[in-house]
Amino acid sequence: MILKKISVCCHTLVRFCHSNVKWKERVFSGIQPTGTLHLGNYFGAVSKWVQLQNENKEVVFSIVDMHSITLPYNTKDLEKNVYLMAASLIACGIDPQRSTLFLQSQVPEHTQLSWVLGCLTTMPRLGQLPQFKEKSSTLKDVPLGLYLYPVLQAADILLYKATKVPVGEDQIQHLQLAHSLARTFNKRFGETFPVPEVLIQKDCSSRIRNLRDPMKKMSKSHPDARGRIEITDEPDVIVEKVKKAVTDCKSEVTYDPENRPGVSTLLTMHSLICGLLPEEICEENMLLDTGRYKSIVAEALVEKFTPIRQEILKLIDSPEYLSKVLQEGQQRANLIALDTWQEVASKIGTIPNNKIEIHTTKIQNN
């Protein structure tokens, strides 16, 4: 039987603005070190990063630790999570020899450019962004960092003059801010930044829902850990989570994300692993009920992620290697970032590298 493979191509939401500059193609994306990757992270972002890398694109990936301190956090956990994220990305297929992988806080130009861009935006614009509204609504005292988060995100992108940025749908408005800031800077100070294309996935990776609450996306922030499958979960844990996944009162295996989000999530995960369309999987399993189908999904997940889990555990035991990878990535990122910052500093009128000419006047005594 010929298997029909799913296309994982990206849909371009925003095109370049008109410009006479021919920009070098470069992909940038970042990820917070807030714990273990789950299936939504893997299929919605990391697997696409690996694909772009394997297409021989110039790719720059950052572990954005500065974004992780906008809300209260444990310092020891942050350090541990940085290494866990580095190990996870490498185990998933990010090749440090083919991609630039680095830690955001080790490149100071991120925050320098963020300040410049912050001077070009307004408080009302930042206050309208949906993630700020959502997160600040539950806080008595709102940290300024949470408010300025999208400006730093724009700086992350523009610092590397990225021409393509793969993002999830929840980040579209933040990317629109980056577009606006790039245009504003270019208009005021001269052509400096490309306006990057936003790459939105066309496949079903954005439809991975919480296994215990299928009306919501799979997320690290959900209080019930049983609702997400983490790529470091042991096989028996994966089996148990899939077994307890919420479906509905119907026993048929059908794909209907709107009316049957629970069973459709199982089909989505299975589809992304095996490369068949959800409808084709339904045909193959039309004689099974959802209980028996869950066993097939669990088996596929275990087979897919067990080697990745083993590689992560191996890498975590080699912190020197992970430190070396991040250091080498930092060095490559620094070359781009410093060049961009010096161009920006020159155009806005500040003096790059603190090279100040001091003029002295001889005072003659009468």
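How many nonpolar, polar and charged residues does the lining of the second largest pocket have? In this predicted model, that lining has 12 nonpolar residues, eight polar residues and no charged residues. The protein comprises 366 residues, of which 48% count as buried, and has 12 helices and six strands.

**Overall architecture**

- Among the contacts in the protein with a separation of 6 or more, 78% are between residues 24 or more positions apart.
- The accessible surface of the protein is about 19200 Å², and carbon and sulfur atoms account for 52% of that surface.

**The second largest pocket**

- The volume of the second largest pocket is about 410 Å³.
- This pocket is lined by 20 residues, and those closest to its centre are Ser114, Gly145, Leu148, Tyr149 and Leu152.
- Three helices, α3 (109-118), α4 (123-127) and α6 (144-159), each supply at least two residues of the lining.
- Helix α6 provides the largest share of the lining, with seven residues.

**Helix α8**

- Helix α8 spans residues 235-243, and its residues Ile238, Lys241 and Val242 are buried.
- Viewed down the axis of α8, the buried residues fall within an arc of 95 degrees, so they line one face of the helix.
- An α-helix has 3.6 residues a turn, so residues three or four places apart point the same way.
- Asp236 and Lys243 are exposed, and lie on the face of α8 turned away from its buried side.
- The packing partners of the buried residues of α8 are α9 (261-274) and α11 (290-316).

**Arg26**

- Arg26 is located in the loop between strands β1 (10-14) and β2 (27-31).
- Arg26 has a relative accessible area of 10% and is therefore buried, the cut-off being under 20%.
- With neighbours within four places in sequence left aside, the contacts of Arg26 include Glu58, Val60 and Ile336.
- Arg26 is also in contact with Tyr160, Lys161, Ala162, Thr163 and Lys164.

Notes. Residues numbered from 1 in each chain as written. Predicted model: local features only at pLDDT ≥ 70, side-chain atom pairs only at ≥ 80, totals over all residues. Heavy atoms only, no water. 1 Å grid on protein atoms, 1.4 Å probe; cavity = no way out; pocket = protein on both sides within 12 Å on 5 of 7 lines; lining within 4 Å. Points joined across faces, edges and corners; volume = space filled by probe spheres on them. Helix = DSSP H or I, 4+ residues; strand = E, 2+ residues; numbered from the N terminus. Nonpolar A, V, L, I, M, F, W, Y, C, P; charged D, E, K, R; others polar. Buried < 20%, exposed > 50% of the residue type's maximum accessible area, 1.4 Å probe, protein only. Contact = heavy atoms within 4.5 Å. Areas by Shrake-Rupley, 256 points an atom, 1.4 Å probe, with all protein chains shown as cover. Arc of directions from axis to C-beta.
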